[in-house]
Amino acid sequence: MPIFENVNFKSFGMKKNYLLVNDFLALTRLSQAEYVTFMNHVLLLVKDQLDEIEEPEPENPDVVSLSAGEEGVPEIGVDASFVNEMEQEILLMSDVVNETTIAQETEAMQEHEKNRDNLATYILTRITCAGSLPLQAERDAGKALYKVVKPYIGIARLAVAKETAAIRGLLLDLRKAEYASYVTTLGLTAYMAELDTENEAYDTLYKVRFEGRAANKLEAGSMIRARLDEYYKELTLLAQSYSVVQPTEKSAAFIRNLNQLIAETTAAYNQRIAQAQAAKRRKEESIPVMPTEPEA
């Protein structure tokens, strides 16, 4: 399909009975969600210009008459393949936006998760039960450490990110100097070291997976968005060109509706930015200013 570049609409020497697409919408500023929403509406505007496909012939249900819609929208210069290709790109972009952050954990991560759960549970159980042991030293150690670990009971049931932080807190508290003798009495030193190792190994793999998925998602989104930008540019340029060379009510309606969509999208974007800036100002104004010392 030809792309009309550097068209000088004034050179046609005709009265201005055509419409131009407003160019004040900066697509690069839109968020991914805003961008997909805008492109979906653009596609709907194109499809609104398609002629409806005719129903199957009553006497022969297996035969469907060809429709003008299969030719695309010749009034704005796009054929059916252009519309279908653009729609596929929009669907791909929608998948990127709607992609969930939930994925199967790797086998290694599952193993580290299982190990740290078992170790944390053992340490907490050992301390909790020590208060009723026959040896006085173990009972004293259990009673002293129970106050430390009580907030961490049930740690293995936390969400993975919270569990990682909680285990670090647990180990930090148990490693304080005042509890060293109690930890030794209950024989927890080796278990604590192993818990630390398993916890950090899990967190390392978690970060690698998260960063890798984030990078892949960003790359995929940027590539699809770049292709969609080209479809949009070609669509608007073709629509403008055909509205000049072969003006029709369809081409005029498409450009009017597209301009309205651009105006609404721009207004919504500006409103979002204004609200974000206002919220930022309110937050900054709520921070108390420390009084300065009087000058000597």
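This is a predicted model: local features need pLDDT of at least 70, side-chain atom pairs count only at pLDDT 80 or more; totals for chains, interfaces and linings use all residues.
Start with the rings. Searching the whole structure turns up four aromatic pairs. One of them joins Phe 82 and Tyr 231 in an edge-to-face arrangement, with 5.3 Å from centre to centre and 65° between the planes. This pair ties together distant parts of the chain: Phe 82 belongs to helix H2 (residues 80-98) and Tyr 231 to helix H7, with 149 residues separating them. Both Phe 82 and Tyr 231 are buried.

Tyr 202 and Tyr 206 make up another pair, and here the ring centres are 6.4 Å apart. Their planes meet at 20°, which is under the 30 degrees cut-off, so this pair counts as stacked. Tyr 202 and Tyr 206 both sit in helix H7, four residues apart, or about one turn of the helix. As for burial, Tyr 202 has a relative accessibility of 1% and therefore counts as buried, whereas Tyr 206, at 27%, is partly exposed.

Asp 229 is buried, yet it goes without a salt bridge. The nearest side chain of opposite charge is that of Arg 225, and it is 5.2 Å away, while a salt bridge calls for a separation within 4 Å. Setting aside neighbours within four places in sequence, Asp 229 is in contact with Leu 27 and Tyr 35.

Definitions and conventions:
Residues are numbered from 1 along each chain as its sequence is written. Side-chain values use heavy atoms; hydrogens and water are left out. Buried means under 20% relative accessible area, exposed over 50%, partly exposed in between (1.4 Å probe, protein chains only). Lys and Arg count as positive and Asp and Glu as negative; His and the chain ends are not counted. Contact means heavy atoms within 4.5 Å. Rings of Phe, Tyr and Trp (its six-membered ring) pair if their centres lie within 6.5 Å; planes under 30 degrees apart count as stacked, over 60 as edge-to-face and the rest as tilted. Helices (H or I, at least four residues) and strands (E, at least two) are DSSP runs, numbered from the N terminus.
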